[in-house]
Amino acid sequence: MAKLYFKYGAMGSSKSAQALITKFNYEEQGMTVWLIKPSTDTRDGADVIRSRIGLSQHAEIILPTDSILRKFREHGKTTVIISDECQFFTPEQIDELRDIVDDENIPVLCFGLRTDFQTHFFPGSRRLMELADSITEIKTVCTCGAKATVNARIDGHGHIITEGAQVMLGGNDSYTAMCHKCWRRKIREQQQN
């Protein structure tokens, strides 16, 4: 029986690498993978999923206005669907992924962030938390050694940014994974200066 999986973690937790390794493992067993990503994520190229350790693959782009269900039917034979940066899908697109799992018996593995730099859910992640059969945290650590759960947005001087648009693409130059305690402490220290 197929399931909808949500595998989330903070920035730098190897989500993209794990998505690509999972794709490789399915293909090594002779299965057909449909690798997708939302069009919002253009950091490494519109149709590329790239991990920090150098793995990369081309993926089909899903626009916010696209029906994933329609694109799935157009794509042809698929054994499994793997998505990176799933937090950028619309709730309606997550519903369509759920429909594919239920109606077509195709497993769907979604990798992405749970929350933004202000610790608020992304709409796609919220819907996955509501619908997924399996929810797994991919862990990473803060510089203090505790589990990192916050995607801290930082400026060019390393100061934490607490206001702005929910989506701002960036890598290690714009974000750092922190535990909640260090994140709050650093914000308080910045406010005192």
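In this predicted model, helix α3 (residues 91-104) packs against helix α4 (residues 123-131) at an angle of about 35°, their axes lying 8 Å apart, where axes are lines fitted to C-alpha atoms, for helices over the stretch in contact, and angles run from 0 to 180 degrees between N-to-C directions. Helices (H or I, at least four residues) and strands (E, at least two) are DSSP runs, numbered from the N terminus. The passage of α3 over α4 is a right-handed crossing, a crossing being right-handed if the near helix is turned clockwise from the far one by less than a right angle, and left-handed if anticlockwise. On the α3 side the contact is made by Pro-91, Ile-94, Asp-95 and Arg-98, and on the α4 side by Pro-123, Gly-124, Arg-127, Leu-128 and Leu-131, contact meaning heavy atoms within 4.5 Å.

Residues are numbered from 1 along each chain as its sequence is written. The model is a predicted one, in which local features need pLDDT of at least 70 and side-chain atom pairs count only at pLDDT 80 or more, while totals for chains, interfaces and linings use all residues, and side-chain values use heavy atoms, with hydrogens and water left out.

Two of the residues in this helix contact, Asp-95 and Arg-127, also form a salt bridge, with the closest N and O atoms 2.7 Å apart. This pair links distant parts of the chain, with Asp-95 in helix α3 and Arg-127 in helix α4, 32 residues apart. A salt bridge is here a side-chain nitrogen of Lys or Arg within 4 Å of a carboxyl oxygen of Asp or Glu, and by this rule the count comes to 10 salt bridges. Asp-95 is partly exposed because its relative accessible area is 26%, and Arg-127 is likewise partly exposed, with a value of 23%; buried means under 20% relative accessible area, exposed over 50%, and partly exposed in between (1.4 Å probe, protein chains only).

Other salt bridges lie within single helices. Lys-23 is paired with Glu-27, the closest N and O atoms being 2.6 Å apart, and both residues lie in helix α1, 4 residues apart, about one turn of the helix. Within this pair, Lys-23 counts as buried because its relative accessibility is 8%, whereas Glu-27, at 36%, counts as partly exposed. In helix α5 (residues 180-192), Arg-185 and Glu-189 are again 4 residues apart, about one turn of the helix, and form a salt bridge in which the closest N and O atoms are 3.1 Å apart. Arg-185 is partly exposed, with a relative accessible area of 38%, and Glu-189 is also partly exposed, at 37%. Beyond these pairs, Glu-60, Asp-66 and Lys-71 are linked in a network of salt bridges.

Helix α5 also holds Ile-187, which counts as buried because its relative accessible area is 12%. Leaving aside neighbours within four places in sequence, Ile-187 is in contact with Ile-160 and Thr-162. The C-alpha atoms of Ile-187 and Gly-30, 157 residues apart along the chain, are separated by 50 Å. For Ser-56 and Ser-16, which are 40 residues apart along the chain, the corresponding C-alpha separation is 8.7 Å. Ser-56 is found in strand β4 and is partly exposed, with a relative accessible area of 34%.

At the surface, Ile-21, Ile-53 and Leu-55 form a nonpolar patch with about 280 Å² of accessible area together. Patches are made of residues with over 30% relative accessible area and no salt bridge, like charges being joined within 9 Å and nonpolar side chains (Val, Leu, Ile, Met, Phe, Trp, Tyr) within 5 Å, and accessible areas come from the Shrake-Rupley method with a 1.4 Å probe, only the protein chains shown counting as cover for residues.

Positive phi values in residues other than glycine were computed for Ser-14, near 80°, and for Thr-119, near 65°. Ser-14 is placed in the loop between β1 (4-8) and α1 (15-28), and Thr-119 in the loop between β7 (108-112) and α4. Ser-14 counts as partly exposed at 29% relative accessibility, and Thr-119 is partly exposed with a relative accessible area of 32%.
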